[in-house]
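Here is a friendly walk through one protein model. Have the sequence and the 3D view open, and follow along.

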Amino acid sequence: SLMGAEEFQRRFSSRDKVVAAAVLRALRYGAAEAKLAVLNRTSQLPIKDLKGELILRLRDKDTRVRLKALEMLDGRRDQKTLNALEVVVARDPLPEAQMRAARILVAAGKKAYEKYLLLEDLKSTDASVAVAAMEKLIQIGDPKMAPGVEPLVRNSSPDVRAVAIKALHTF
């Protein structure tokens, strides 16, 4: 039978194991809205291994859940979290998720991920920002960055076009 709101609140406040298990089930197997509701209230919830649960949510099929988990992992510097964030950068289909993960990794001192942040600068409407980012990418010399540079060969700025062509020849 269903318990009423007052009973749930009382048991929730006392960190009842049955309620904690139900919250964990919602986080792991619920609809995206249920997962987000749990994630938005983690400070009030009896979740033992929150970091582990957040890392698991990085592979959720719903992009909102993945982005929320990334937001909540921001600032963590432990190896397990950093390893999981590296996987997001390498495999997540959502560029925004890759960028957020790269930002967290760079803030944690992982300089190898700075090149991913430069890709965001390539989208700048300020030609000098795009040119500076491409110059840095040329110095890094990673051919995996070429797809981010390619569209700039058709940019309206002649300076951007010239450096884009130079970058593509360098890669």
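Let us begin with a term: helices (H or I, at least four residues) and strands (E, at least two) are DSSP runs, numbered from the N terminus. The model is predicted, so local features need pLDDT of at least 70, side-chain atom pairs count only at pLDDT 80 or more, and totals for chains, interfaces and linings use all residues. Residues are numbered from 1 along each chain as its sequence is written, and side-chain values use heavy atoms, with hydrogens and water left out.

**The largest pocket**

Rolling a probe the size of a water molecule over the atoms shows where empty space is left. Here a pocket is an open set of points on a 1 Å grid over the protein atoms alone, where a 1.4 Å probe fits, with protein on both sides within 12 Å along at least five of seven lines; its lining residues have an atom within 4 Å of a point. A volume is the space filled by probe spheres set on the points, which are joined across faces, edges and corners.

The largest pocket has a volume of about 320 Å³. Among its 16 lining residues, Pro 95, Met 99, Leu 119, Lys 123 and Gly 148 lie closest to the centre. Two or more lining residues come from each of α6, α7, α8 (114-121) and α10 (146-149). Which element gives the most to this lining? That is α7, with four residues.

By class, the lining has eleven nonpolar, two polar and three charged residues. In this count, Ala, Val, Leu, Ile, Met, Phe, Trp, Tyr, Cys and Pro are nonpolar, Asp, Glu, Lys and Arg are charged, and the others, Gly among them, are polar.

Helix α7 has 13 residues and reaches 18 Å from its first C-alpha to its last, close to the 18 Å expected at 1.5 Å a residue. The expected span is 1.5 Å times one less than the number of residues.

Buried means under 20% relative accessible area, exposed over 50%, and partly exposed in between (1.4 Å probe, protein chains only). The buried residues of α7 include Met 99, Ile 104 and Leu 105, and the buried residues of this helix pack against α5, α6 and α8. Just after α7, Gly 109 takes a positive phi of about 95 degrees.

A nonpolar core is a set of buried Ala, Val, Leu, Ile, Met, Phe, Trp, Tyr and Cys residues joined through side-chain atoms within 4.5 Å. In the largest core, of 49 residues, Leu 58, Leu 70, Leu 85, Leu 122 and Met 134 touch the most other members. Helix α7 (residues 95-107) supplies the largest share of this core, seven residues. Contact means heavy atoms within 4.5 Å. Not counting residues up to four places away in sequence, Met 134 touches Leu 122, Val 149, Leu 152, Val 160, Val 163 and Ala 164.

| Residue | Relative accessibility | Class |
|---|---|---|
| Asp 142 | 10% | buried |
| Arg 15 | 47% | partly exposed |
| Pro 147 | 54% | exposed |

Asp 142 sits in the loop between α9 (127-140) and α10. Leaving aside neighbours within four places in sequence, Asp 142 is in contact with Lys 115, Leu 137 and Phe 171. Arg 15 lies in the loop between α1 (5-13) and α2, and its phi is near 60 degrees, a positive value in a residue other than glycine. Pro 147 belongs to helix α10.
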